[in-house]
Structure formats: C-alpha cells, structure tokens
Amino acid sequence: PNNCLASSGYYAVCCIDVCDGYMNKLERELGSHDASAEQLLRVVAALPDPAADLGGKNHTVPPALQRRLEEIAEHHNGRVPIHGRLFAQWMHHVHPRWCPYPHMSGTIAPRRAEEQEAV
C-alpha cells in the first residue's frame with residue numbers, strides 16, 4: 001500500500017490512512033458516487049478529526065472552502081463527484097494533515113523510501 005514506510009519479506013511499517021476512512025464514511029453516508037455541495041458539507045463537517053484527540057478543536061469548513069466546493073458542484077451540473085481529483089484536492093485543503101494532495105498524473109515522480117535513501 002502507498003501508506004507503508006518500510007517493508008521486507010518479514011514485516012511492513014504502515015500508517016493508518018485517515019483520508020481513506022473519510023472516503024469510506026462519505027460513501028456510506030451518501031450512498032452515491034456524487035452529491036450536492038450542501039450534502040457534502042454536512043457530512044464532512046461531521047467527520048471525526050484525529051487531532052481532536054490531541055487537544056485540537058472540532059473541525060469547521062471555512063467559508064472560502066465552502067464556496068470552492070459550490071464552484072466544483074457548479075462545474076459538474078450541481079453534483080460533486082466524490083472520486084474526482086477536484087474533490088480530492090478540496091479534501092486536502094479541508095484536512096491537510098490527513099488527505100494527500102492529488103497531483104495531476106505525470107507531474108511528479110514519487111519515490112519509495114529505499115529509492116530516496118539511495119540518493
């Protein structure tokens with residue numbers, strides 16, 4: 001998996017993918033591959049924030065990001081595809097610590113930890 005830092009034939013060091021859990025919850029709550037901005041804002045605002053366990057505050061979506069989600073919906077005839085790159089970028093801005101930024105295909109050259117150490 002892409003959330004593993006190191007592995008061998010005997011072990012793997014992997015982190016829990018919080019954003020994947022968020023997407024699973026969105027899919028269960030919405031029951032669809034797309035939703036209105038209002039539906040998404042309601043569900044996303046209710047997502048648990050792991051930082052809250054560390055003394056963080058409950059999460060609220062800033063007005064600028066609410067407007068951005070509405071723009072995404074307008075671009076897609078009033079519905080936001082939850083598996084699209086624009087929504088993934090939006091989720092990154094809402095939860096930057098937990099959701100990775102989805103770069104456009106071919107714009108970066110990711111490396112595994114072993115490859116980075118060899119440099």
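The turns below take up a predicted model and the reasons behind its labels.

User: What makes C19 and C99 a disulfide?
Analyst: The distance between their sulfur atoms is 2.1 Å. The cut-off is within 2.5 Å. C19 and C99 therefore count as a disulfide. The structure holds 1 disulfide. The link is right-handed, with 95 degrees about the S-S bond.

User: Which parts of the chain does the pair C19 and C99 link?
Analyst: Distant ones. C19 sits in helix α1, and C99 in the loop between α4 and α5 (113-118). They are 80 residues apart. Both C19 and C99 are buried.

User: Why is the aromatic pair of F87 and W90 called stacked?
Analyst: Start with the pairing: the ring centres of F87 and W90 are 5.6 Å apart, and the limit is within 6.5 Å. Then the angle: the planes make 20 degrees, and under 30 degrees counts as stacked. So F87 and W90 are a pair, and a stacked one. A search of the whole structure finds 1 aromatic pair.

User: Where do F87 and W90 lie?
Analyst: Both are in helix α4. They are 3 residues apart, about one turn of the helix.

User: How do you know whether F87 is buried or exposed?
Analyst: Its relative accessibility is 1%. Buried means under 20%. So F87 counts as buried.

User: And W90, buried or exposed?
Analyst: W90 has 2% relative accessibility. That value is set against the under 20% cut-off, so W90 counts as buried.

User: Which residues of helix α2 (residues 37-45) are buried, and what covers them?
Analyst: The buried residues are A37, L40, L41, V43 and V44. Their cover includes α1 (18-30), β3 (34-35), α3 (63-75), β4 (80-81) and α4 (85-94).

User: What is the order of elements in the protein chain?
Analyst: From the N terminus on, the order is β-β-α-β-α-α-β-α-α. That gives 5 helices and 4 strands.

User: How many of the contacts join residues at least 24 apart?
Analyst: Among contacts between residues at least 6 apart in sequence, 56% do. Of the 119 residues in the protein chain, 29% are buried. The accessible surface comes to about 8200 Å², with 53% belonging to carbon and sulfur atoms.

Conventions
Residues are numbered from 1 along each chain as its sequence is written. This is a predicted model: local features need pLDDT of at least 70, side-chain atom pairs count only at pLDDT 80 or more; totals for chains, interfaces and linings use all residues. Side-chain values use heavy atoms; hydrogens and water are left out. Buried means under 20% relative accessible area, exposed over 50%, partly exposed in between (1.4 Å probe, protein chains only). Helices (H or I, at least four residues) and strands (E, at least two) are DSSP runs, numbered from the N terminus. Contact means heavy atoms within 4.5 Å. Accessible areas come from the Shrake-Rupley method with a 1.4 Å probe; for residues, only the protein chains shown count as cover. Rings of Phe, Tyr and Trp (its six-membered ring) pair if their centres lie within 6.5 Å; planes under 30 degrees apart count as stacked, over 60 as edge-to-face and the rest as tilted.
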